[in-house]
Amino acid sequence: SSGINAEWPLRPGERAGRNTGIICTIGPASREIPILKSLVEAGMNIARMNFSHGTHEYHTQTIKNAREAAEVARPFGNKRPVAIALDTKGPEIRTGNLKGAGEGYKEVVLKAGNDIIVSTSKDDYANCSDSRLYVDYQNIVNIMEVGQLIYIDDGLLSLQVQEKIDSQSLRCRIMNGGALGSHKGVNLPDSSVDLPALSERDIGDLKFGVTQNIDMVFASFIRKAADVHSIKEVLGDVGKHIVIISKIENKEGINNIDEIIEASDGIMVARGDMGIEIPPEKVFLAQKMIIAKCNLAGKPVICATQMLESMTVNPRPTRAEASDVANAVLDGADCVMLSGETAKGAYPLEAVKMMNSICREAELAWYSSQYFFDIRRYGNTGLGTLDPNTSSNRLVSESTCIAAVDASFAMKCSCIIVLSTTGRTASIMSRYRPLAPMLVVTRNKVVAGQLHLWSGCFPLHYTLPKPEEMSWMEDVDRRVRFAVNAGSNMGCIVDGSKVVVVTGWKTGAGSTNTVRILTVDQKGEFINNQGQA
């Protein structure tokens, strides 16, 4: 059973919107305003800035362009916020620049069976070739043993250590050859790397991000909860609103996943480095395990890396890639991410459109009502299993959200309208995965952008202030009508649609306790009040 009722006002094939968020990495192929506007209208929700590349000046302009594009884009006929994510370089290891790269010399070919010198000398940083390669991890000579492997460029190239020449260089044998470009990632899965959680560069980037009013940080190579706390300390009070998404990319991160989930605002399954750090055949198990744990904890989870990789050079994905995206959605991912496809690819717009189409189709196969039943039964914060130490406000909000989702299934409602100050109510409700889209109205622009992380949330930034002479209930009614108008533009609200409305009993955070079911006519007016809980 698909769990989808064809008698709904919108038939399954005509469902408005998409519950899964799409994150796009912005780079040379996509950083100009016209293409960014097209990406937003095609389905991009979050713009990712990869701080492994580019200067602060470069990223300043890219962020400015993304925000300008969001101002003029009109997906589904509505103005919608686009969140800005800063992806840290993290404690990663990279190669240097190829000799002559500045003159357009982009790649050299490493031939299997040949020897190559791996060096940590600064003199070799800009002089990499097929016989000598700079690596920026100064302790590599000390931790590597003869016979161990060095993986480069997501494991496409591999070198085996043959000899320690001196304190700054290793002689290695090329085991798997291929084309090598500048500044490629290096993995040492056989060794215990002693890099700090945050480099000086990361600290500078995070402080820069605070000045740019970013919405979230994608923290690379998180290995334990203490790494997350270190990032929070750097962000400080000024950046305490910034959401921290921990990227799980190595064995230590997988082993400590429970404490990392608890310390983080969300998780990214970053499968590129993970597929080198652990056997490739185990990556899918790690993905499913991490997604399931996040679903139970109510934390958003992103699936990333090589999802539509072939669309970097081709206008259509492989069948395996399309299935990979769909299976990530069916596993329970809140968001899926595009990397090189949109940053440097030849078909960035086509990649987003394809991702959008695959997600929509996969969502139609999601058994929403059964999942709702299961998460209530087995989830550690569902009704009947709520921790008695949980605050009374949280208990009321959780119970109200469950009632709203239950009502949306029972009444076959077209959407759920949520009025929110901090976004907390919407994030709790997302955990129960209603089939009906959640139109979340908030006056906080930062909250609106961050809500893209949670499945099913369609954030609407409401900019009109409440006049002093207007009562609180009149202001509530005005915001609900704003959401109805947006839902009509999206196509999820039509004549006769039933909608669930979730509000508080007073202004401010922590007051959500009211569920109403309303019917909307063709003019967007409420026919009658079906009930209130």
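Modeller: Start with Asp477, which is partly exposed at 32% relative accessibility. Bear in mind that this is a predicted model.

Biologist: Why does Asp477 count as partly exposed?

Modeller: Its relative accessibility is 32%. Buried means under 20% and exposed over 50%. The value for Asp477 falls in between, so the label is partly exposed.

Biologist: What is the label for Arg481?

Modeller: Partly exposed, at 31% relative accessibility.

Biologist: What makes Asp477 and Arg481 a salt bridge?

Modeller: Their closest N and O atoms are 2.9 Å apart. The cut-off is within 4 Å, so the pair qualifies. Both residues lie in helix α17 (residues 472–490). They are 4 residues apart, about one turn of the helix.

Biologist: Which residues are joined into one network by shared partners?

Modeller: Asp115, Glu163, Arg171 and Arg173, through salt bridges.

Biologist: How many salt bridges does the structure hold?

Modeller: The count is 25. One of them pairs Lys247 with Asp87, with the closest N and O atoms 2.9 Å apart.

Biologist: Why does the pair of Lys247 and Asp87 tie together parts apart in sequence?

Modeller: Lys247 lies in strand β14 (residues 243–248) and Asp87 in strand β3 (residues 83–87). The parts are therefore 160 residues apart in sequence.

Biologist: How do you know whether Lys247 is buried or exposed?

Modeller: Its relative accessible area is 7%. Buried means under 20%, so Lys247 is buried. Asp87 has 1% relative accessibility, so Asp87 counts as buried by that cut-off too.

Biologist: What are the labels for Arg132 and Asp124?

Modeller: Arg132 is partly exposed at 32% relative accessibility, whereas Asp124 is buried with a relative accessible area of 12%. Their side chains meet in a salt bridge, at 3.0 Å from N to O.

Biologist: Which residues meet between α1 and α12?

Modeller: From α1, Ile35, Ser38, Leu39 and Ala42. From α12, Pro348, Leu349, Val352, Lys353 and Asn356.

Biologist: How many residues of each class does the contact of α1 with α12 have?

Modeller: It has 6 nonpolar, 2 polar and 1 charged residues.

Notes
Residues numbered from 1 in each chain as written. Predicted model: local features only at pLDDT ≥ 70, side-chain atom pairs only at ≥ 80, totals over all residues. Heavy atoms only, no water. Helix = DSSP H or I, 4+ residues; strand = E, 2+ residues; numbered from the N terminus. Buried < 20%, exposed > 50% of the residue type's maximum accessible area, 1.4 Å probe, protein only. Contact = heavy atoms within 4.5 Å. Nonpolar A, V, L, I, M, F, W, Y, C, P; charged D, E, K, R; others polar.
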